[in-house]
Amino acid sequence: MYRFIVVTIPIIVLAAIIAIFSYTFGYQTKLIRGLTYFGATREERRVLHKEIAKRSQFIQPFLLILKLLTRGSLNKSPRYKNLAYPPQVCNQTTFAFAENYQPKKNDIFVATQMKCGTTWMQQIVFEVLSRGRGDLSDTGYRHLQAVSPWIESCQGVSVAEAPLIGDSASRIIKTHLPTKLCPYSPQARYIYVARHPVSCFASTYDFQHALTGSLAADKDTALAWFCSDAMHWGPWPDHVAGWWDWAETRENVLFMHYEEMKDDLKGAIGKVAAFLNQSLTEAELDAIEGKCSFEYMRHNEDMFEMAPPSILAGKRTLFKSGARDRHKDILPEQHDQILHHCRERLQGRCYPVAKYYPDIRSG
């Protein structure tokens, strides 16, 4: 009898954990799909936040066990043509759709490696096309992710349902795809944003904790993942170098840096407007600058969240810092490891790293 109890209780506990998380992730998946969350009103989204935070309390005791069971999952992400991606928001079907998509004349792609200013540039493009009058209220589009489709993801508005913005009737498409998989047309336009790789890592690490709470990988594990081919959407140096090559050889690709946007937001807005053939008045530029500031976007975070609330994390904020020099928050040895990784992989590439990030080249 004793042996029966000793064997049975762990099985029952494990079965209970599996059942709880099957229900939990099933609920989370429904929330992620399409406009279930991003198409809701502001009050409906707030109610969902509270409901998920309440549900999150009940599963926290089981997270330690689940973390042990999922150890190393970052390095075991599924791949599409050898490109790793997060299975929570992407799959083989969505990647195939993105790769085979035929860009339209007025499509504008906002491309980045993750956590390099994607949402910020989406908002800039949206407001430039709207001449500073973009409406994300309940009587307008409700949420930026209901305006701008993420082409390789099942999250947010689909490309087919995306609204056409401004007088040019443009579709604003988000992507993290490297150039080898990004659908290209000389008629479409592409804006790429690069960010210091150590800042990219710091923001990515914070983002993973905001989404998965105590289930997130520790910093050493996340660092090893960031500096490998297991990094979602590919290693930072490969991603940046590929898009730089496109920008140098294709007039319809604009390459920008996160740091220049922080240093001179109005100037960055003007550069984007010129690239999109949008002539703006000084009053319109001022309005766009105000609605694209970090302060405005953080104050209105519920219109710009990059992901629905997570039952794994409960309460969270996705706009943690936005600082120009996030790389200064990382320990020196971790900082050096990332720079070494980038230095090695940028050898022989055309991206002028010494100009934009001299600390990478000078090591």
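A crossing of two helices is left-handed if the near helix is turned anticlockwise from the far one by less than a right angle, and right-handed if clockwise. Keep that in mind for the first view. The model is predicted: local features need pLDDT of at least 70, side-chain atom pairs count only at pLDDT 80 or more, and totals for chains, interfaces and linings use all residues. Residues are numbered from 1 along each chain as its sequence is written, and side-chain values use heavy atoms, leaving out hydrogens and water.

**View 1. Helices α7 and α12 cross right-handed.** Here α7 (residues 236-249) packs against α12 (residues 332-345) at an angle of about 45°, with the axes 8 Å apart. Axes are lines fitted to C-alpha atoms, for helices over the stretch in contact, and angles run from 0 to 180 degrees between N-to-C directions. That makes α7 oblique to α12; under 35 degrees counts as roughly parallel, over 145 as roughly antiparallel, 65 to 115 as roughly perpendicular and the rest as oblique. Trp236, Pro237 and Asp238 of α7 meet His341, Cys342 and Arg345 of α12, where contact means heavy atoms within 4.5 Å. The contact residues divide into three nonpolar, one polar and two charged (Ala, Val, Leu, Ile, Met, Phe, Trp, Tyr, Cys and Pro are nonpolar, Asp, Glu, Lys and Arg charged, and the others, Gly among them, polar).

**View 2. Four strands form an open sheet in the order β4-β3-β5-β6, with parallel pairing.** Its edge strands, β4 (171-175) and β6 (253-257), each pair on one side only. On average, neighbouring strands are turned by 20° against each other, direction ignored. Five bridges join β3 (residues 107-112) to β4, and Ala111 has Thr175 in β4 as its bridge partner. Two strands pair if DSSP finds at least two bridges between them; helices (H or I, at least four residues) and strands (E, at least two) are DSSP runs, numbered from the N terminus.

**View 3. The loop between α4 and β4 holds Arg131 and Ala169.** Most residues other than glycine have a negative phi. Arg131, however, has a positive phi near 60°, and the phi of Ala169 is positive too, near 50°. Arg131 counts as buried at 19% relative accessibility, whereas Ala169 is partly exposed at 31% (buried is under 20% relative accessible area, exposed over 50%, partly exposed in between; 1.4 Å probe, protein chains only).
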